[in-house]
Amino acid sequence: MARVSARGRVARNAGALYAVQIVSFLVPIFEIPILARALGPVAYGQILFCQALALSASLLVEYGFNINAAQQAALARGRLETLNRLFSQVLLAKVLLAAPLTGLVLAAWGLGLLDAYLGGAALLGFVLAYFLAFGFSPMWYFQGRERMTGPACLDVALRLAGLGVLALLVRSPDDFPLALPILALPPLLNTGLTLGWCRREVGPVRWDFRGARRQIREGFHFFVYRGASNLAMSAIPVFLGLSAGKRAVGEFAPPEKLIKGMTSLVLPFLSAVFPVFSQRLEAGGGAASFRAPLAVIAAIAVLALAGTGLAILIGPWVLDVMLGSGFGGSLPIYGVLIGLAPLRILNQSIAMVLLIPAGRARPASYAISAFSVLSVLCGTGLSFAYGGLGMAAGLVAAEAALLAVMVGMAAALVRQGAVRDGEAR
């Protein structure tokens with residue numbers, strides 16, 4: 001009965017997360033023809049640069065709590081006092097992380113260092129709103145408690161409403177200022193409402209500074225894992241804009257959004273099974289304990305390769321329909337960047353299904369961090385000469401090298417389990 005119950009919870013939460021993920025994938029895809037055709041590659045590239053800047057900063061505030069705090073919430077199921085303390089500590093930890101970042105952005109804007117992309121107060125407000133919305137999202141709480149259905153429905157409704165308003169009101173380059181609040185308001189509302197939801201369930205927030213600092217200290221390795229790869233992907237338009245200009249960002253972003261959407265489709269499933277494998281592998285075990293996670297990883301690999309093959313066939317047609325003329329550099333970028341999809345999916349799966357649940361968060365996080373930095377450095381270096389195409393090539397090469405390292409770490413873990421089996425006999 002317990003097994004059936006666990007499977008039922010995984011199925012419900014995976015379904016809710018997939019609803020959010022599919023909408024999170026489709027909304028940016030539908031935004032491409034609306035914004036690209038209405039604004040053109042330069043103005044569209046400016047919005048993408050601002051979004052990337054805000055999302056990169058928000059990942060520093062999110063700090064890997066979607067894994068670390070979600071895992072703590074899963075282990076604290078049914079203990080309201082523990083959940084209240086955890087929620088309070090994580091919220092305060094985010095405040096401590098966000099304050100210096102906000103001050104840094106305001107100082108840089110005030111000194112004119114961001115005039116090329118944030119020349120007006122409207123753009124600054126857009127960046128700050130996006131930053132707060134994604135940085136303070138409490139979805140980790142609902143994920144850890146395996147109660148994602150309600151928050152998922154709220155997120156889907158707000159995203160779709162924002163997309164509808166965007167399509168209705170943004171029609172020409174003159175509508176650029178109007179697009180900013182339309183893009184920022186749905187995630188900001190979602191974060192505010194879900195924070196209130198959490199507050200109602202766990203009770204008043206306690207300002208436990210010592211506990212908040214402990215969450216930051218103990219969550220560092222999760223931050224390195226969760227933040228490094230996501231930070232690298234989110235910051236790519238920033239580095240590309242600085243090295244090759246707004247137009248390069250506008251041409252790179254549509255194929256990059258398609259690839260990012262493909263790789264993100266596995267995350268709801270990984271997020272749903274992560275608490276289950278965390279409980280099963282936390283205490284260690286023999287080789288037999290790794291059979292289920294390895295089978296899951298193998299199934300994901302097969303599906304990833306099949307999906308990539310389909311994307312190779314239909315991707316060029318999708319780009320042509322979305323963009324029309326003026327984005328001639330997007331198709332060759334897509335042809336290179338498509339190789340990133342199966343590589344990144346496998347790396348995410350090995351980490352969240354096997355390595356982190358089995359207590360290998362530190363080496364996994366260091367490997368992901370190092371190769372994420374390497375990918376951005378390689379891509380940025382190549383983009384000076386080859387624009388978005390060079391960025392794509394650097395990302396794929398670094399991700400392939402990371403997969404080799406992750407497979408080696410997984411093989412070593414399984415061998416250790418086999419050794420324990422031999423000693424037990």
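Which residues does Val170 touch, not counting residues up to four places away in sequence? Select Val170 and find out: Ile34, Leu35, Ala38, Asp175, Ala179 and Ile182, where contact means heavy atoms within 4.5 Å.

Before going on, a word on the model. It is predicted, so local features need pLDDT of at least 70 and side-chain atom pairs count only at pLDDT 80 or more, while totals for chains, interfaces and linings use all residues. Residues are numbered from 1 along each chain as its sequence is written, and side-chain values use heavy atoms, with hydrogens and water left out.

Stay with Val170, in the loop between helix H6 (149-169) and helix H7 (176-202). Helices are DSSP runs of H or I with at least four residues, and strands are E runs of at least two, numbered from the N terminus. Val170 counts as buried because its relative accessibility is 3%; buried means under 20% relative accessible area, with a 1.4 Å probe and protein chains only. Next, pick Ile182, twelve residues from Val170 along the chain: their C-alpha atoms are 9.4 Å apart.

Now select Leu35, one of the residues with the most contacts inside the largest nonpolar core, which has 122 residues. Such a core is a set of buried Ala, Val, Leu, Ile, Met, Phe, Trp, Tyr and Cys residues joined through side-chain atoms within 4.5 Å. Helix H1 (residues 2-62) gives the most to this core, 17 residues.

Ile259 is also among the core residues with the most contacts. Leaving out residues up to four places away in sequence, Ile259 touches Tyr334, Leu337, Ile338, Leu340 and Ala341.

Finally, zoom out: the protein has 15 helices and zero strands, and 56% of its 425 residues are buried.

How values were computed:
Buried < 20%, exposed > 50% of the residue type's maximum accessible area, 1.4 Å probe, protein only.
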